[in-house]
Amino acid sequence: MRRPITIFLVLLTCAGACAKKQPPLGPQPAPPPAATAPVAPPAPGAPPPQRVEESVPVPAISEDSIGNRTLDDLNRNSPLQPAFFGLDSFELDDAGRAVVASNAEILKKYPTWMVTVEGHCDERGTAEYNLALGERRAVAVKTYLVALGISPDRLRTVSYGKEFPFDAAHSESAWSKNRRAHFVITSK
Amino acid sequence: MNVTLGTLVAVCGVVALAAQAPQTPAAPSPQQPSEIQLVISGEPGTPPRYAVPDFVALSPDVADAAKTLGQVLWEDLNFEREFYMIPRDTYTTIPVARTAEEVPFNAWRELGADAVVFGTVQKVDANTVRVQVRLFNVRSRQSVFAKEYTGSATTARLYAHTISDEIHQQQRALRGVARTKLTFASDRNREKVAGPVQNRDVKEVYIADYDGENQRRVTTNRQLNITPVWAPDARGIAYTSYRRGYPDIFIALIYQGIQETPTNGVGQNWLPVFSPDGTRICFTSNRDGNPELYVMNRDGSNVRRITNNPAIDTTPTWSPNGTQISFVSDRGGTPQIYIMGADGLNLRRITQNESWADRPTWAPAPFNEIAFSARTGPGFDIKVYDLASGTTRQITFGEGSNESPAFSPNGRHLAFASSRNGGRYEIYTMARDGKNVKQITRDGSNYTPSWSN
């Protein structure tokens, strides 16, 4: 929201400055309308001032917008989405497979990335068995990624059982977020 | 004498004044040199009633120790529920004895005491005290137990624990647990794991005396350190650590500051548990692609796989004689408790009607039982399966979620983790009938206790 206003002020300042200076050498395009507009408060009852905005290209929405980010930044705001699981289940459902497939596309785009798939569980299981359940979830995701063409050499799995909940609340909503395979990019 | 003092420095030179030849200067000599009845009994059909007043400080600067000794010994003796412990706040009318000769037996008798402890603490030099204790039969006025200890001036509780264990041994042929310890995982440091993912709580391994005193941190690697279990010698703790980014088994020799890595990165390995003789470790590993159980020598050699099933096999516990292993498998569709030989043969399932059962823990002899946690609603409760009868009894009843039971070495108590007090998991102990629940931890969240020998 701040950018258009800033640009507007910059242009106004520039307009004032330009008016006192010789035009630069070389053929110039006609000055934009804003530059010739009188810099004076509008008269009462006049129509509102014309909005002057310039479309500024976003600097780098190339593939490097992801590729250039640091590992920490990537993992904090990861392009790889978590896949969620049903209660006591380590099978990927349709939604889970769709997420893993979309992550696989990103991994194909960045073939140097190494990824750890973390298996997590909600708090309603026991701590001990959940270590194995999380392992099975991570392996299920890895297996599917490999089936989609990702080299197993790029993938590690680790289970954290119920040790690292994403949402520490004790509710259905929290539990459904905690039964997940979380993707961590470990090198790129 | 196995006074396990370890780094507590105090070396209790135990000079047994031979209970069989007690010094009994106070009591008038019996008419006949008859055999002394060592075991103090109560009124018929009731447990003997014990009184444990403050010990007597024979030096001015051990008054606190003298009071602590009396208080802790009372609590230790109360823990096993073998004696009726007369509350200490009822002793105010009893004249204080400064010497064993002054013990006011008539007053104790009026209070209903069958047994009374008389003890002294005396400073020997700057860092050393001498503790003397006698147990008197109030009726016969005979000393049936007399011991002297010397060691550090700072370990009053340990003298009390030692005395309690020896009294239980002598009076009840019972192995007390007053000198045992608990280990558990805790996030109480409120540190976060360093790494690419934010806001993950560090868990470290801690130890505490059986009564919750002297809680100390064992691991300091600021990662996830969980499922600690004592080695049978009570000097080592095996646990699962993620310090290398994946679960692996480490053994901390807590009195030497040495770390052992028996599995050393072959696959991922977790949930270690020592065989009763301490020579082997059973654990879960994914090294062959699926959570299976393995047994190795303590040094990591001679690894043998003992389960072979596409389902999950995990959470092992050894039978007291080391010939069988109970564990959890979901090969039937849900996590259930199974038993097999330590060689993996002769498998049988023991839980039939649970929706989710985990953390079997085999009671020491003479109790032929396996405790486990079972889903009973939104949470879990502790149940105990009797191997002889095939019956199961429940000993917690829906107060929070109750998980990870661990038997005391005498089989009369269990430690467990429960969310009953405000939702946070804390360590508790209880008697094997579910009574006498006692909260052990109060700082942070605490999980997966193990009880030392």
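**Note on the predicted two-chain model**

1. In strand β3 of chain A, L155(A) is the bridge partner of V115(A). The strands concerned, β2 (residues 114-120) and β3 (residues 155-161) of chain A, pair in the parallel sense over six bridges. Pairing requires that DSSP find at least two bridges between two strands; helices (H or I, at least four residues) and strands (E, at least two) are DSSP runs numbered from the N terminus.

2. This is a predicted model, in which local features need pLDDT of at least 70 and side-chain atom pairs count only at pLDDT 80 or more, while totals for chains, interfaces and linings use all residues. Residues are numbered from 1 along each chain as its sequence is written, and chains are lettered from A and ligands numbered from 1 in the order in which they are written.

3. β2(A) also pairs with strand β4 (residues 180-187) of chain A, in the antiparallel sense and over six bridges. There, V117(A) has F183(A) as its bridge partner. Strand β2(A) is mostly covered, with five of its seven residues buried (20 or more other C-beta atoms within 10 Å of the residue's own, C-beta atoms being placed from the backbone; 12 or fewer count as exposed, and values in between as partly exposed).

4. Helices α5 (residues 94-109) and α6 (residues 127-147) of chain A pack at an angle of about 55°, with their axes 10 Å apart. Axes are lines fitted to C-alpha atoms, for helices over the stretch in contact, and angles run from 0 to 180 degrees between N-to-C directions. The two helices are therefore oblique to each other (under 35 degrees is roughly parallel, over 145 roughly antiparallel, 65 to 115 roughly perpendicular, and the rest oblique).

5. R97(A), V100(A) and A104(A) of α5(A) make the contact with V141(A), Y144(A) and L145(A) of α6(A); contact means C-beta atoms, placed from the backbone, within 7 Å.

6. Between the chains, 30 residues of chain B are in contact with 18 residues of chain A. Elements giving two or more residues to the chain B side include β11 (225-230), β19 (313-318) and β31 (446-451). α6(A) lies across β19 and β20 of chain B, running at about 145° to β19(B).

7. In chain B, four strands form an open sheet in the order β19-β20-β21-β22, with antiparallel pairing. β19 and β22 (348-349) stand at the edges, each with a single partner strand, so one side of each has no neighbour in the sheet. β20 (residues 324-329) and β21 (residues 336-341) of chain B pair over six bridges in the antiparallel sense, and Q336(B) is the bridge partner of S329(B).

Technical notes. Contact = placed C-beta atoms within 7 Å.
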